[in-house]
Amino acid sequence: MPGTFNEESFRKHLKTKELAKKIHYFSSVSSTNDMAKELAEQGAPHGTLVIAETQTRGRGRLGRTWFSPEGGLWFSLLVRTANFHLVPSHLNFIAGLSVAETSQRAGIDVALRWPNDIYIQGKKVGGILTESKMQGSVVEYFTAGIGLNVNVPESAFPAPLKEEAASFLSVSGKPLNRELLLAHILLVWEKLLEFYPAHGFAPILKIWKKYTPFLGTQVRVDTSSQMVEGEAVDVTLTGSLRVQDIDGLVHEISSGDVRKLWS
Ligand code: BTN
């Protein structure tokens with residue numbers, strides 16, 4: 001049985017200036033994203049962290065449910081950017097890069113698959129769901145949720161998920177310190193958020209691409225309106241995926257599900 005999240009130990013590891021200064025911890029919650037949204041509506045400050053041991057209605061991208069048993073890191077961060085303009089898709093990349101850099105530091109190589117699935121050894125170990133509340137054409141706040149199968153035992157995954165999903169524990173064989181992992185993810189996240197207004201997205205995307213072995217491979221992308229097959233050639237500055245099909249036509253895709261062909 002994985003141990004519970006130790007808030008005191010997390011605070012000791014945390015070196016951020018603004019992020020996670022307010023923490024809302026739940027042993028069980030419907031969805032940390034929903035809870036973060038509720039807190040945002042009540043005026044919670046930038047950087048508020050919502051974390052739960054389990055979620056009963058964890059949500060994934062494209063309306064899917066997200067399996068959230070004990071042992072994972074299920075959290076959402078409330079991001080308010082009153083002082084600068086943050087393009088919504090860029091936050092998604094910032095979150096993914098924070099996870100990738102932190103995992104690498106912990107000695108675990110992860111791969112990022114557009115738009116932001118987290119893979120280890122060909123299996124999905126995490127995902128990101130970034131949502132925003134608009135005030136006219138301006139974003140009032142973002143709720144950025146990350147789910148990481150950290151210390152989830154392989155036996156916990158139900159049959160249909162076993163084929164495609166894994167956990168840090170199941171691939172590395174050893175449990176990770178979730179408090180340390182989260183503290184470092186948030187530190188990288190904060191640094192990237194500080195860097196972004198002056199330097200823009202291009203340098204962040206450049207580092208993000210180091211973690212994506214999927215560029216240059218053959219993929220199938222399922223968008224809500226079509227299925228595109230071809231070579232994943234690039235990710236653009238707006239965060240879209242460019243796929244070149246067999247006829248040489250380049251499709252720019254802003255949302256969809258990518259599968260690698262011939263893995
Ligand atoms: C995906 O890959 O489909 C995204 C999964 C995002 C899951 C996380 S877990 C914490 C936060 N709360 C949710 O309900 N979803 C996100």
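The second largest pocket is lined by 20 residues, and Arg61, Ser89, Asn92, Thr130 and Ser254 lie nearest its centre. Its volume is about 380 Å³. Here a pocket is an open set of points, on a 1 Å grid over the protein atoms alone, with protein on both sides within 12 Å along at least five of seven lines, and lining residues have an atom within 4 Å of a point. Grid points are joined across faces, edges and corners, and a volume is the space filled by probe spheres set on the points. The model is predicted: local features need pLDDT of at least 70 and side-chain atom pairs count only at pLDDT 80 or more, whereas totals for chains, interfaces and linings use all residues. Residues are numbered from 1 along each chain as its sequence is written, and side-chain values use heavy atoms, with hydrogens and water left out.

Helix H3 (88-105) and strand E6 each supply at least two residues of the lining of the second largest pocket. E6 gives the most, with five residues. Helices (H or I, at least four residues) and strands (E, at least two) are DSSP runs numbered from the N terminus. By class, this lining has eight nonpolar, ten polar and two charged residues; Ala, Val, Leu, Ile, Met, Phe, Trp, Tyr, Cys and Pro count as nonpolar, Asp, Glu, Lys and Arg as charged, and the others, Gly among them, as polar.

The largest pocket holds about 930 Å³ of space. Its lining comprises 45 residues, with Trp66, Asp117, Tyr119, Lys124 and Glu164 nearest the centre. Among the elements that give two or more residues to this lining are strand E4 (111-113), strand E5 (117-120), helix H4 (159-162) and strand E12 (257-260). E6 gives the most to this lining as well, with six residues. The lining divides into 18 nonpolar, 16 polar and eleven charged residues.

The ligand sits in the largest pocket, in the sense that more than half of its atoms lie within 2 Å of the grid points of the pocket. Of the 19 residues around the ligand, Ser31, Gln55, Arg59, Arg61 and Lys124 come nearest, a residue being near if one of its heavy atoms lies within 4 Å. An oxygen atom of the ligand is 2.8 Å from a side-chain N or O atom of Ser31. Nitrogen of the ligand lies 3.0 Å from a side-chain N or O atom of Thr32 and 2.7 Å from a polar backbone atom of Arg59. Taken alone, the ligand exposes 410 Å², of which the protein buries 99% (Shrake-Rupley method, 1.4 Å probe).

Helix H2 (32-41), strand E3 (73-79), strand E6 (123-135) and strand E7 (138-148) each supply at least two residues of the shell around the ligand. E6 gives the most to this shell, with four residues. Five nonpolar, ten polar and four charged residues make up the shell.

One cavity of 30 Å³ or more is counted, a cavity being a set of points where a 1.4 Å probe fits but cannot get out. The largest cavity has a volume of about 60 Å³. Its lining includes Arg113, Trp114, Trp208 and Phe214, and divides into nine nonpolar residues, one polar and one charged.

Notes. A polar contact is a pair of N or O atoms within 3.5 Å; within protein, one must be able to donate a hydrogen and the other to accept it, and residues adjacent in sequence count only if both atoms are side-chain atoms.
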